[in-house]
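Keep the viewer open as you read.

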Amino acid sequence: MKKRIMLVEDDPTHRKLYSSWLKIGGYDPRVIEDERGALDAAKTIAPDAIIVDIRLPNVSGLDVIETLKGAPATRAIPVMALTVLQSQHDMDACYAAGADAFVSKPDHIASFLDKVSDLLR
């Protein structure tokens with residue numbers, strides 16, 4: 001059975017790109033366009049991992065991660081922060097919010113899929 005990966009991403013181009021990469025990697029991507037519904041979606045989807053864009057239009061990805069990691073139903077699900085931000089400060093903020101992994105955009109498919117695989121271990 002394919003691992004379900006929930007992707008929280010507002011940008012249509014990035015949704016398509018990362019969703020296709022996840023499919024190529026043998027995963028079952030579940031895309032959430034509006035981050036405000038991420039917690040409810042995670043409860044419904046029961047993903048094996050969650051990838052959250054950090055720069056979202058309505059709620060910061062950091063807040064989304066904190067919410068997911070703070071809820072009993074989703075706190076054990078591994079979360080990867082995905083962002084164009086690349087400084088050590090940004091990485092530290094993602095980990096402080098509860099992220100289990102950090103990926104800077106753009107990434108390459110092989111590297112991205114390796115990080116997803118590591119996240120699921």
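Helices (H or I, at least four residues) and strands (E, at least two) are DSSP runs here, numbered from the N terminus. With that naming, helix α4 is followed by Gly-98, whose phi is positive, near 120°. A word on the source: this is a predicted model, in which local features need pLDDT of at least 70 and side-chain atom pairs count only at pLDDT 80 or more, while totals for chains, interfaces and linings use all residues. Residues are numbered from 1 along each chain as its sequence is written, and side-chain values use heavy atoms, with hydrogens and water left out.

Start with the sheet. It is open, has five strands in the order β2-β1-β3-β4-β5, and its pairing is parallel; two strands pair if DSSP finds at least two bridges between them. Because β2 (28-32) and β5 each have a single partner strand, they stand at the edges, and one side of each is left without a neighbour in the sheet. From one strand to the next, the twist averages 20°. In general, strands of a sheet pair through backbone hydrogen bonds, either parallel or antiparallel. Here β1 and β2 run parallel and are joined by five bridges, with Ile-32 in β2 as the bridge partner of Val-8.

Contact means heavy atoms within 4.5 Å; axes are lines fitted to C-alpha atoms, for helices over the stretch in contact, and angles run from 0 to 180 degrees between N-to-C directions. Helix α1 (residues 12-24) lies across β1, β2, β3 and β4, and runs at about 160° to β2.

How many of the residues of β1 are buried? Five of its five are, so the strand is mostly covered; buried means under 20% relative accessible area, exposed over 50%, and partly exposed in between (1.4 Å probe, protein chains only). In a regular strand the side chains alternate between the two faces of the sheet. In β1, Arg-4, Met-6 and Val-8 point one way, while Ile-5 and Leu-7 point the other way.

Met-6 and Val-8 lead us to the largest nonpolar core, which has 21 residues; together with Ile-50, Val-52, Ile-65 and Ala-81 they are those with the most contacts inside it. Such a core is a set of buried Ala, Val, Leu, Ile, Met, Phe, Trp, Tyr and Cys residues joined through side-chain atoms within 4.5 Å. Two or more residues come from each of β1 (4-8), α2 (38-45), β3 (49-53), α3 (61-70), β4 (79-83) and α4 (88-97), and the largest share, four residues, comes from α2. Apart from this core lies another, of 16 residues, among them Tyr-18, Trp-21, Tyr-27 and Leu-119. Leaving aside neighbours within four places in sequence, the contacts of Ile-50 include Met-6, Val-8, Ala-42 and Leu-119.

Lys-105 sits in the loop between β5 (101-104) and α5 (109-119). Is Lys-105 buried or exposed? At 6% relative accessibility, Lys-105 counts as buried. Its side chain makes a polar contact with the side chain of Asp-53 (3.3 Å). A polar contact is a pair of N or O atoms within 3.5 Å; within protein, one must be able to donate a hydrogen and the other to accept it, and residues adjacent in sequence count only if both atoms are side-chain atoms. Lys-69, in helix α3, also counts as buried, at 18% relative accessibility. A polar atom of the Lys-69 side chain lies 2.9 Å from the backbone oxygen of Ile-77.
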